[in-house]
Amino acid sequence: MIWLYDFGLLVLVIIAALLTLNLRDLMGSAIVFGTYSFLMCLLWTVMGAVDVAFTEAAVGAGVSTVFVIATAYNIKKEAKD
Amino acid sequence: MEQQYPVLIVLIPMFTALAITLIGWFRPVLCQPLAVAGLFGSFCSAVATLVQVKNTANGVISYHLGNWAPPYGIEHRFDGLNGLVLVMVSFVALLVAIYAKKPVEKELGGKISNFYTLFVLLVTGLLGMTISGDAFNLYVLLEIAALTSYALLAMGRGKAYMATFNYVILGTIGACFYLLGVGFLLIKTGSLNIADMGTIIPGLGGSNTILIAFGFLMVGVWIKMALFPFHGWLPNAYTYAPTATSCLVAPLMTKVSVYVMLRIMFWVYSAEWIFEVVQWQSVVMAVAVIAILMGSFFALAQRDIKKMLTYLIVAEIGYMVGGAWTGTSLGLTGTIYHIIADGLMTVCLFMVIGSIVYKKGSAQFESFKDAFQTMPWTMSALVVAGLSMIGVPPTCGFFSKWYLLGGAYISSNYVYMVALLISSLINAVLFIRIVETAFFGATSEEIPDPHDHAVRQIDESPLSMLIPIWMAAASLVLTGLYTRDIVTKWIQPILPGGLI
Amino acid sequence: MAWLEANYNYLLVIVLLMIGLWAMIGKNNLIKKCVGMCIFQNAIIMFFISMGAKAGSTIPILKLKEGATTYGVNDYIIDPTQYDNPLTQILMLTAIVVGVATLGMALTLVQKMYAEYGTCEEDEILEKIK
Amino acid sequence: MKTLALVISLLMGSILVVSLDDLPAWGDVNSPANSHVSAYYLDNTMQQTGVPNVVTSVLADYRGFDTMFETGVVFVAVIGIMAILRRDQRLEDIEKVERPPYFPPDPAITGVAARFIVPFMQIFGLYVLAHGHYSPGGGFQAGVILGASVILLAMTNGLNGALSRLTEDWFVLLSGLGFLIFAGVGLACMFYGGNFLDYSALAPLMGGEPSVAAVKARYHAMLWVEIGVTFTVMSAMFAIYSYLASDGWMDRGL
């Protein structure tokens, strides 16, 4: 029943994506975005794409999140939606 | 050495861009001459390859990067179609590089080396997109071209930021749709090479996935070329950009996207498949007609001449998409020829408007008052380009319209024919209005003062701007005069089968 | 159920694509649009990776044969059915890097707009441009 | 706008669901995508390039031209962001600009911890670069890890501290240099009479028996290419961060 475990991961990914887009606080949104990228990277490891997962862990969960935080720091941190 | 020409077309500007970064960081003065030299080298190798391709037996030059045979490696595939587009792109880029010296110094003072690096890399991306024979390589170069053009357009400050942000969002949607389409093709064919996919797809029959892949590829490319429902980003982005940027981006980005559309339609897929399996012809023709009419009418409503030209670009995209979707060899010939002609016309017009902005500070209608007395040479180039836009022989605008009308007549798309004619009429109105203002010195609303006999000083735009303008104007006439050679030697041999 | 089991990966891709596209077009906050763009690109990467997965195979790094002591050509197990598809993974490495470059560019524009208009909500900016 | 977005995305979703039944099942070993081209790489990578990590060999050799322009994309991002965002303190008055409150980082805990972990990150980055032929990793991953180590330093010890170690001049030059190394290897192949990026043309540099030397040349050229990628990506990541975090002023970060 490996696919049930997989399925749980997929549901978490979707929840993380929706949460990122709907949080009012931009900093929190950026952190959840990092979580989303990391979950994605777990999925890809399961599918055997280790190089891609490695890059995503470094780029998506690491550097992209920092970029979003850096911008959020310089602007108003509350979003209207 | 001869067999290396196809790759040199892309490599020379790429290395030039690197040299500009490394040298321009210390000596900004050297940036512009370096850019001109690099683009000239690229233009020469494009012409050399175009001559070479005519002498090869099957009319195709294939260059294997890394010496891996396709479909395993990446291939540069050079034939008459992209040969002509490459020559046009590198020629236009060369002209703009010569032209850019003064406007860039005036508008982008401290960022000269950045500007030329991005400029040359944008040309690299466009040339690479055109010459590449690999669908994914095309995507990577599309992204290079897209990212550089975002940066170049956003250098215009103020309103340019919002316009460019819209372009980033829509451009990314377009590129991602293209990538998704490539993914669907990969899942069904297992290949990324355009020629290889073209041989596999006919064997797959009426597969749903292939059809959806076609849809995604088309929508992606249409967003990139700003066809009617997706044109929202174009006018603002091009209007608020710096002069030199809009001169480069406006003629080239959309035309190269049209080329990519043709490549997908007739080389990845085939004419039989598109016009028999996919029943979209009438829909796309209707969209093209709406694009032409809407672009022309919106152009009529503008007071800012630069914005007026951007709407004319939207109309011209309608011409080309319509011509390709008539499904006739005449229409396709017209489309290919119009890619060349429209690139040259647009660059000429934008350079003239840029000179006006450089001298008078804005591109509003009022700046054209008395422009004929003060800038006679610049304005006469505008007349030549205007005649070409209207479609007066012997300029090349006439011949492309002639072929497009012929194609529309054979396939009995009469609405499209009428739209072409209406658009020509509106172009005539637009340009006569400008020339009238420029010549008689009064906008049509105000009455000219009969006692105003002041002799106006000639205040011509600088020579570094005038020479490329006139080279573009001359190329319009020359292309028109050599239409027959271009069509018979390069366009007709590569027309795909299955067209009426 | 069998249909779900066969297609759940593609379904996830479709759902993420929809979320991403919706956010890119419909969200008002510009940073949210950028994040939506990342989700959209991620979904496409997911699509390619799912396409390249093979049942019962391992990562695309060649394994040594049992008892091999050297690292020559003949010491590795060479059998395409045992390894996942490398091609789609390479394409997606490129796509990830392109994605982060685009994200950087978009965020830059957001910051410039904030400096210009003092807000990063689309409707307020459009109001001020008028 | 909201309803329009919803309609468009639902439309796209429904179109995609229609295509599902036509796609090969998940994990199908014999689907065209898994057999036509990709099998060739798995079959031949060892005898043609000598690199067991197929991802590295395809990335840097079979499809090296893609990767070169991928490096180009990163380079373009640096130059583009610099062109848009960089502000000059000589031309603009920094005092008049409204900026968020700045709390200098307290180096007591985070700073010391970061300084402890940064060397390990960098060693790991170098390992990922050097061992990319045999294990997951390669130029991009190494570049991002090295870049992230500098970003970590900037976040915990202040942007100035990091900028004094990797100055603006240096990261622009390094990002150009990395791209130049990649393209230069390709150009060297042309000088030795091969096609662009045909690393086997460098075989004369390796010596030994020709067929072995060609494989060896590919193997070593790939390492050089990855080094170029690392340079560009490392400096690009830090460059983008420092422009974004300091809003273009290059004086202080988060």
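This is a predicted model: local features need pLDDT of at least 70, side-chain atom pairs count only at pLDDT 80 or more; totals for chains, interfaces and linings use all residues.
**Chain A, overall.** I began with the secondary structure of chain A, which comes to 3 helices and 0 strands, and reading along the sequence I noted the pattern α-α-α. I then looked up the extent of its C-alpha trace, which spans about 45 × 25 × 10 Å along the principal axes. Of the 81 residues in chain A, 56% are buried. For the contacts in chain A between residues at least 6 apart in sequence, I found that 50% join residues at least 24 apart.

**Helix α20 of chain B.** I turned next to residues 463-481 of chain B, which form helix α20 with its 19 residues. From first C-alpha to last this helix reaches 26 Å, close to the 27 Å expected at 1.5 Å a residue. I listed its buried residues, among them B:M465, B:P468, B:I469, B:M471 and B:L476, and B:G480 is also buried. Which helices of chain B do the buried residues of α20 pack against? I found α3 (80-99), α4 (101-107), α15 (329-360), α17 (376-390), α18 (396-410) and α21 (483-494).

**Residue C:I129.** I placed C:I129 in helix α4 of chain C, which covers residues 122-129. I recorded C:I129 as partly exposed, because 14 other C-beta atoms lie within 10 Å, a count between the limits of 12 or fewer for exposed and 20 or more for buried. Leaving aside neighbours within four places in sequence, I noted that C:I129 is in contact with B:K159 and B:M162. I also checked C:Y117, which is 12 residues from C:I129 in sequence and 8.7 Å from it in space, C-alpha to C-alpha.

Notes: Residues are numbered from 1 along each chain as its sequence is written. Chains are lettered from A and ligands numbered from 1 in the order in which they are written. Helices (H or I, at least four residues) and strands (E, at least two) are DSSP runs, numbered from the N terminus. The expected span of a helix is 1.5 Å times one less than its number of residues. Two residues are in contact if their C-beta atoms, placed from the backbone, lie within 7 Å.
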